[in-house]
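Please read these points with the model open beside you, and look up each named part as you come to it.

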Amino acid sequence: MPPIEPVAALTELTERLNHSGVRYMLVGGAAAYFYGYRRYTDDFDFVVDLSTAGVAAFVEAFTPGFYCDALQIADAIEHEFMFNVVSHTTGAKADCVILKSDAYQRSAMDRRRTVDWNGTPLWVMSGQDMVISKLLWSRAAGGSEKQRADVRMIMASGMVEEDEYFRHWIRHFGFEADLEACRQTRYDE
């Protein structure tokens, strides 16, 4: 198998996701690229708003050419977990996380933004939600420095911190001290 070329891989995945009709957003390290932070990532992470009723259309959008298992997807939907799709030709891999039913996840999906990715519309998580999400991941990982480094770089990109939406979720999750620690060190790297 030839080495994966990231631009082509993301384009192929995005075109298939757009064709599926499912609401999605790029998250994680690849999404941080759109906020000025370039770090290596070997796959692409998406949050998908997918119900059992949409599985057949989703699988069809990735057929042929991809490993995309309907049973794995149905199980992921039932447990609000994740599943993978993988290109047979390039090896491009997407980790698709099922959109959770909680208020924060739903609001983040509603606030996603679209960018032009080589002529293809690509939905990306907002910068503010990237910060909140990465702080959630950091907490779940016991204070992951990789996630905090991402937060510092996204904040340094000029992300707006002073609106009620952002302040509400920072307070809701109790991230005031975490955010302040990131503010104090964001230019030190």
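Predicted model: local features only at pLDDT ≥ 70, side-chain atom pairs only at ≥ 80, totals over all residues.

1. Strand β1 is largely enclosed by the rest of the structure, because 4 of its 5 residues are buried.

2. Is T11 buried or exposed? Its relative accessible area is 13%, and buried means under 20%, so T11 counts as buried. Leaving aside residues up to four places away in sequence, T11 touches W117, N118 and T120.

3. Helix α7 (residues 145-156) has 12 residues and reaches 16 Å from its first C-alpha to its last, close to the 16 Å expected at 1.5 Å a residue. Among the buried residues of α7 are R148, D150, V151 and I154. After α7 comes G158, which has a positive phi, near 100°.

4. Finally, the largest pocket holds about 690 Å³ of space. Of the 25 residues lining this pocket, V27, D45, V97, S133 and W137 are the closest to its centre. Elements giving two or more residues to the lining include β2 and α7, while the largest share, 6 residues, comes from α6. By kind, the lining residues divide into 12 nonpolar, 6 polar and 7 charged.

Conventions:
Residues numbered from 1 in each chain as written. Heavy atoms only, no water. Expected span 1.5 Å × (residues − 1). Buried < 20%, exposed > 50% of the residue type's maximum accessible area, 1.4 Å probe, protein only. Contact = heavy atoms within 4.5 Å. 1 Å grid on protein atoms, 1.4 Å probe; cavity = no way out; pocket = protein on both sides within 12 Å on 5 of 7 lines; lining within 4 Å. Points joined across faces, edges and corners; volume = space filled by probe spheres on them. Nonpolar A, V, L, I, M, F, W, Y, C, P; charged D, E, K, R; others polar.
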